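Please look over the sequence and the model shown here. The report that follows goes through the chains, their helices and some individual residues.

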Amino acid sequence: MGRELSTRRRQFTGRTALTLFLFMLPAVAFVGMFTYYPLANGISMAFRNYNLNDLSDTSWVGLKNFSTLLNDEMFRGTVKNSVVWVVGSLVPQFLIGFTMALWLRRKFRFRGTYQALVFFPWAVSGFLIGILFRWMFNGEFGVVNDLLMKTQLIETPVPWLADARYAMVAVIVANVWYGVTFFAIMILAALQSVPEELYEASAIDGAGKVRTLFSITIPSIRTTLALTVLLRVIWIFNSPELIFGMTGGGPANETHIVTSYMIQVTQEGDYGRASAMGVMVVFVLMLFAIFYLLSIRPKKAMR
Amino acid sequence: MIRDYSTAGRIVRFAGLGLCLLITIFPLYWILVTSFKEPGTIFAYPLKYWPSDWSLANYEGLFEQSNFAVYLGNSLLVSLVAAALATVISLLAAYVLARFEFVSKGAVMGAFLVTQMIPGFIALGSLYILMTRLYLVDNRWGLVLVYVAVSIPLCTVMLRGFFENVPASLEEAAMVDGCSRLSALFRVLVPVMTPGIAASFIFNFVNCWNELFLSVTLMNSDSNKTVPAALNGFISSYNIDWGSMSAAAVLSIIPTMVLFAFASRYIVEGLTSGAVKE
């Protein structure tokens, strides 16, 4: 009797295991075939001479693609631009998003409607946002110049996207606009998980607003904040769509970041060099993520 | 948080929120207004913030001068099929990942999450070569397959979060009554999770609808272009026709906005709860 039961259970487990395997199979197969296989292949291309325009010689060249890039004035420019782009976008996004989340924390009439309205950039692609802002920042007929002149902040129209000095500012403004909502929503969700008693206690202790912010609110949500920032850095770094829509990397390649330059090189057919850039991007971002995660961990343990 | 019921604080708060709302809405308003202006008045100075004559000329021009109807059809077909397939496939995987413990589970979750760190376009070149070998370049079904693969990881993570809100006793009871696991999943669990599944589907759809680089790379002929690829063609021309451009932009934003408005609550729930649990 006992043996019979245990065999039955074993058979059942075997069948279940097969079912589960079959359930997982399509997902794993798709991701393996169309994401991981090209990825592995792409990594190997980074070490080969692989140009679509001339496939007669696809030999292994070691680190040549990497050294070509590191000596490439243009590539070094895109690295610098990437840093400006990430930092310049992230800091205002964070500050404005945080402020909005604080303002939204207490319930008010139409808060739901408000959130739904403010949410709309999420539904739009970075590429389209780029196009919208390209039109608004148009040097001759752009609404930005018109508004700035009406408010007397400038006297003559600024050729935003035609002038290297202003183009980066303009794409960053667009990107800040695009990303604020993400921060607001994520931080708001975290704020709502902070128990109300903490605030009551701090109010009873007579803590002021600023004090409450820095000794109650921020410590309570610091893990979420840290992870949101990390995800955001990676995401901003990896999002050349907006730049493509707004400037296409111009004028004179002044707004190209590493990933947008990588796509341009891919489109030109130099897969070896593009892959080398991809490998560097992934490598640098992974290193960054590891160091970042390590640096936020010990502080957490100390608390 | 901030115990502030003073009038000044309240004014600052609502003025700030109002300004944020205005700035958020304005770009959309501006492209809408531009698209409904008479083509000649778009470039007329001073700029009109509220057009005196509303006109559909830009929309008519768009459909006359380009195959925009074809692009819309392609985008709709590719996004619908890819989003549906990805949702079903992710549903099966998410169920397993939510309910069972097994050795390679961590590896699978890890592999899925890593794809979220690495953008889909990082291996664009080798993907193009793979698709050439499969004879799937410049083929809408080929693009569907790629979009399914790109959509699966995040969709699985989201759906897994939704599964965890449904007690396992539900499908266990159905299976005691003689249901197979598959039919228990589709007859008992799916109906309970409809909002979450719908949200995941919409999320996939919007992402496929918006996708640019894969589409530009894998589709060559005009009759296979999706909307973003077509827009890319429009802005690459030396003289951008902002009249039909604005009409095209509006037409490509509207469907996603309508869908997102329905599903945004659930998507936020799925994303934030998934993030907190990890």
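## The interface between the chains

How many residues of chain A are in contact with residues of chain B? In this predicted model, 67 residues of chain A are in contact with 68 residues of chain B. Two residues are in contact if their C-beta atoms, placed from the backbone, lie within 7 Å. Helix α1 of chain A (residues 2–45) supplies the largest share of the side of chain A that touches chain B, with 18 residues. By class, that side of chain A has 50 nonpolar, 13 polar and four charged residues. Nonpolar here covers Ala, Val, Leu, Ile, Met, Phe, Trp, Tyr, Cys and Pro; charged covers Asp, Glu, Lys and Arg; the others, Gly among them, count as polar.

The model is predicted, so local features need pLDDT of at least 70 and side-chain atom pairs count only at pLDDT 80 or more, while totals for chains, interfaces and linings use all residues. Residues are numbered from 1 along each chain as its sequence is written, and chains are lettered from A and ligands numbered from 1 in the order in which they are written.

## Chain B as a whole

Chain B has 12 helices and zero strands. Helices (H or I, at least four residues) and strands (E, at least two) are DSSP runs, numbered from the N terminus. The C-alpha trace of chain B spans about 75 × 65 × 35 Å along its principal axes. Of the 278 residues in chain B, 42% are buried. A residue is buried if 20 or more other C-beta atoms lie within 10 Å of its own, exposed if 12 or fewer, and partly exposed in between; the C-beta atoms are placed from the backbone. Consider the contacts in chain B with a separation of 6 or more: residues 24 or more positions apart account for 74% of them.

Chain B is divided into domain 1 (7–57) and domain 2 (66–277). These bounds come from an automatic or database domain assignment. The C-alpha centres of domain 1 and domain 2 of chain B lie 32 Å apart. Six residues of domain 1 of chain B are in contact with six residues of domain 2 of chain B. On the domain 1 side, the residues are four nonpolar, two polar and no charged.

Two packed helices are described by the angle between their axes and the distance between the axes. Axes are lines fitted to C-alpha atoms, for helices over the stretch in contact, and angles run from 0 to 180 degrees between N-to-C directions.

Start with helix α3 (residues 73–105) and helix α7 (residues 164–191) of chain A. Their axes come within 6 Å and cross at roughly 40°. That angle makes α3(A) oblique to α7(A). Angles under 35 degrees count as roughly parallel, over 145 as roughly antiparallel, 65 to 115 as roughly perpendicular and the rest as oblique. The contact of α3(A) with α7(A) involves 18 nonpolar, seven polar and one charged residue.

Now take helix α8 (residues 196–204) and helix α9 (residues 209–220) of chain A. Their axes come within 11 Å and cross at roughly 165°. α8(A) and α9(A) are therefore roughly antiparallel. Their crossing is right-handed. L198(A), Y199(A) and S202(A) in α8(A) meet T212(A), I216(A) and S220(A) in α9(A). These contact residues divide into three nonpolar, three polar and no charged.

## An enclosed helix

How many residues of helix α5 (residues 126–136) of chain A are buried? The count is 11 of 11, so α5(A) is largely enclosed by the rest of the structure. Among the buried residues are F127(A), R134(A) and W135(A).

## Individual residues

V87(A) is in helix α3 of chain A. V87(A) is partly exposed, with 13 C-beta neighbours inside 10 Å. V87(A) and I236(A) are 149 residues apart in sequence, yet 9.4 Å apart in space, C-alpha to C-alpha.

The peptide bond from G250(A) to P251(A) is cis, with omega near -5°. P251(A) sits in the loop between α11 (241–246) and α12 (258–268) of chain A. A252(A) also lies in the loop between α11 and α12 of chain A. A252(A) is not a glycine, but has a positive phi of about 50°. A252(A) is exposed, with 11 other C-beta atoms within 10 Å.

In chain B, D138(B) has a positive phi of about 60° although it is not a glycine. D138(B) is found in the loop between α5 (124–133) and α6 (140–164) of chain B. With 16 C-beta neighbours inside 10 Å, D138(B) counts as partly exposed.

Methods: Left-handed = near helix turned anticlockwise from the far one by under 90°.
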